Each structure stands twice: as C-alpha cells, then as structure tokens.
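Dear colleague,

My notes on it come after.

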Amino acid sequence: MPSTNHPHPEEPALAGVSKDARSTCSSKRVPLLALSAVDAYYGLAQILFAVAFEVRHGEIVALLGRNGAGKSTTLKSIVGLVRVAKGEIVVAGQRIDHLPANRISRLGIGYVPEDRRIFTDLTVAENLEVGRQPARAGAPHWTIERLFHLFPNLAEMRNRPGGRMSGGEQQMLTIARTLMGNPRLLLLDEPSEGLAPKIVEQMADTILRLKEEGLTVVLSEQNLHFAMLSDRAIILEKGRVRYSGTMAELARQEDVQLAYLGA
Ligand SMILES: Nc1ncnc2c1ncn2[C@@H]1O[C@H](COP(=O)(O)OP(=O)(O)OP(=O)(O)O)[C@@H](O)[C@H]1O
Ligand SMILES: [Mg+2]
C-alpha cells in the first residue's frame, strides 16, 4: 500500500497539468470545497448535524466512519442529490447548495456513487464518450487515450460491452467515465468496496496518479488502510464530524481509530 508521506497539499505535483490550470490552482487562496454547518434530512429524520470541513486544491481528503455514519449523505449533499436544509456548501468561492445536481456537475464536480452504474450494452469506449464534457480551466484535461494510459486494463477491453466486465473493471470504468467530464473535484464513494486485494492496490495507485495530475479528491471509506493514501481525514459519527486531522496524525491516534472506526 502507498505510504502517507505525500507532498504538502498546497504544493501538489502537477505533472501534465496545463500552465493555465497550474496558475489557477496556485493563485487561489480560498479552499476548493467548504462545508459549513450543514444539516441534511431524509424525510423527517435528521442525518447530518452541522457538518463542516474544508478541502484545499490538490488534496486527497478521506471521509471516514462506520456504517450509517453519514459519509454517502455528505457526498450526496455536495452534489445536490440530498437537499441541504441548513448551512452552506461553497466550491471555489461559489455557493452551490441551492443549485440542482446537473448545474453542480457542470461546475466541475465529478461524483462516483457507491453503486457502479455503467451502460451494460455499450462498449467501454462508448461508456467513456457518455461522460464527455468540455475542458475546464483549473482541471486536468482528459481524452479517451489519456484515460486508457491511466487505466491500461480498460484499454485492452475498449470494445467489450460493459456488461461483460468484472466488478473491479466496472468500478474503474465508472471513475474513468467521470474523469471524461474533466472535473476539478472528484468525489468517490467507497472506491475500494467489494474489490479484490490486487484491484484495491490498483485503485490506490490510480487515485495517487490523479493527485499528481492536480486533481482534488474526496473519498469516503470504511477501510482505514486504503484511506491512508489521503492527506487528511475527517471522521463522521452519527452525522457529526468527530475528528479532523492529517492522515499521519490519525495513523498515530489509535484511541481515535478505536472510538470511531473500530468494529
Ligand atoms: N434514502 C434514505 N432514506 C432514509 N434514510 C437513509 C437513506 N439513505 C441513508 N439513510 C440513513 O442515513 C444514515 C446515514 O447513511 P449514509 O448512507 O450516509 O451512511 P454511510 O456512512 O455512507 O454508511 P455506509 O458505510 O454503510 O455506506 C443511516 O442511518 C442510513 O440508514
Ligand atoms: Mg455510504
């Protein structure tokens, strides 16, 4: 597994990012994503309670917590699939919590939900085409060929129908298709879930390569070992933020791990 020793989030490795994208990243002092005092409900049941955290440009931030802690609900509230009842969500200085999901997506927020939804009748290459959006300043620009370079497995099966891929391959395809939208922020809901150990390692490598490209990533995880590739950790319990710190700090704090992440 990758170590926790990564460059400082404000100085991301930006190999392959255009000069334009680079200057946009470094000139911004505001966080790329900021949640403040976010409450969210399913019906009458309150699920999120004053959730607040920030994500800076080029960081990988892990949203951790046990089953039902509110990780997926937090991601859904960012992308507009769960309404924010109170509080604010701001992306690069722009408030987004009142916008519909399609507008939020077009602001460059890519979201890969827990359930992989690929088109089973379409080939790998056709699935990728579905995700295409225009290039965006401040975000790495992806073409199908660049994605095949990042995901060599997909390149080998570019003409295969999505329905004839393994679960791990489908998971990679979902991420690749989301990247075709040229997001500047990528939200991944439990990317390692249900994957064979070898594929989990590939997934971790892929996410680190995305960081090197200058992409900002928020991933939800129950698997702390996998989440160790992140720069920082936010731990949720019962819809509240209980811990926020660097991944290196969390790795040393076994009491925190036991309290909020242990079985
Ligand atoms: N569509 C829904 N309607 C009602 N309650 C829901 C719905 N989806 C989730 N919940 C409840 O909201 C709470 C938070 O769920 P959420 O899916 O955000 O947790 P999670 O941290 O992603 O958990 P997991 O690790 O199991 O994915 C849980 O109590 C869950 O039962
Ligand atoms: Mg979830």
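Predicted model: local features only at pLDDT ≥ 70, side-chain atom pairs only at ≥ 80, totals over all residues.

Residues are numbered from 1 along each chain as its sequence is written, while chains are lettered from A and ligands numbered from 1 in the order in which they are written.

The protein has 11 helices and 10 strands, these being DSSP runs numbered from the N terminus (H or I over at least four residues for helices, E over at least two for strands). Of its 263 residues, 43% count as buried, a residue being buried if 20 or more other C-beta atoms, placed from the backbone, lie within 10 Å of its own. Among the contacts (C-beta atoms, placed from the backbone, within 7 Å) with a separation of 6 or more, 72% join residues 24 or more positions apart.

One open sheet has 6 strands in the order β6-β7-β8-β3-β9-β10, with mixed pairing, where two strands pair if DSSP finds at least two bridges between them. β6 and β10 (240-246) stand at its edges with a single partner strand each, so one side of each is left without a neighbour in the sheet. From one strand to the next the twist averages 15°. Helix α7 (residues 167-179) packs on this sheet, touching β6 and β7, and its direction makes about 165° with that of β6; such angles run from 0 to 180 degrees between N-to-C directions, with axes fitted to C-alpha atoms, for helices over the stretch in contact. Helix α8 (residues 197-212) lies across β3 (60-64), β7 and β8, running at about 155° to β8.

Within this sheet, strand β7 (residues 185-189) has 5 of its 5 residues buried, with L185, L187 and D189 on one side and L186 and L188 on the other. β7 pairs in the parallel sense with β6 (residues 109-112) over 4 bridges, and also with β8 (residues 216-221) over 5 bridges. L187 is the bridge partner of Y111 and stands opposite V218 in β8. L187 is also, with A176 and V217, one of the residues with the most contacts inside the largest nonpolar core, which has 62 residues; such a core is a set of buried Ala, Val, Leu, Ile, Met, Phe, Trp, Tyr and Cys residues joined through C-beta atoms within 7 Å. Beyond its neighbours within four places in sequence, V217 is in contact with I60, L186, L188, I207, L210 and K211.

The other open sheet to mention has 4 strands in the order β2-β1-β4-β5, with antiparallel pairing, and its edge strands are β2 and β5 (94-95). Helix α2 packs on this sheet, touching β1, β2 and β4, at about 70° to the direction of β2. Strands β1 (residues 33-42) and β4 (residues 84-91) are joined by 6 bridges, with L33 opposite V91.

Finally, the residues around ligand 1 (C-beta atom, placed from the backbone, within 6 Å) include Y42, A45, N67, K71 and Q222. β2 (45-55) and α2 (71-78) each supply at least two residues of this shell, and α2 gives the most, with 3 residues.

With best wishes

Key. Buried ≥ 20, exposed ≤ 12 C-beta atoms within 10 Å, placed from the backbone. Contact = placed C-beta atoms within 7 Å.
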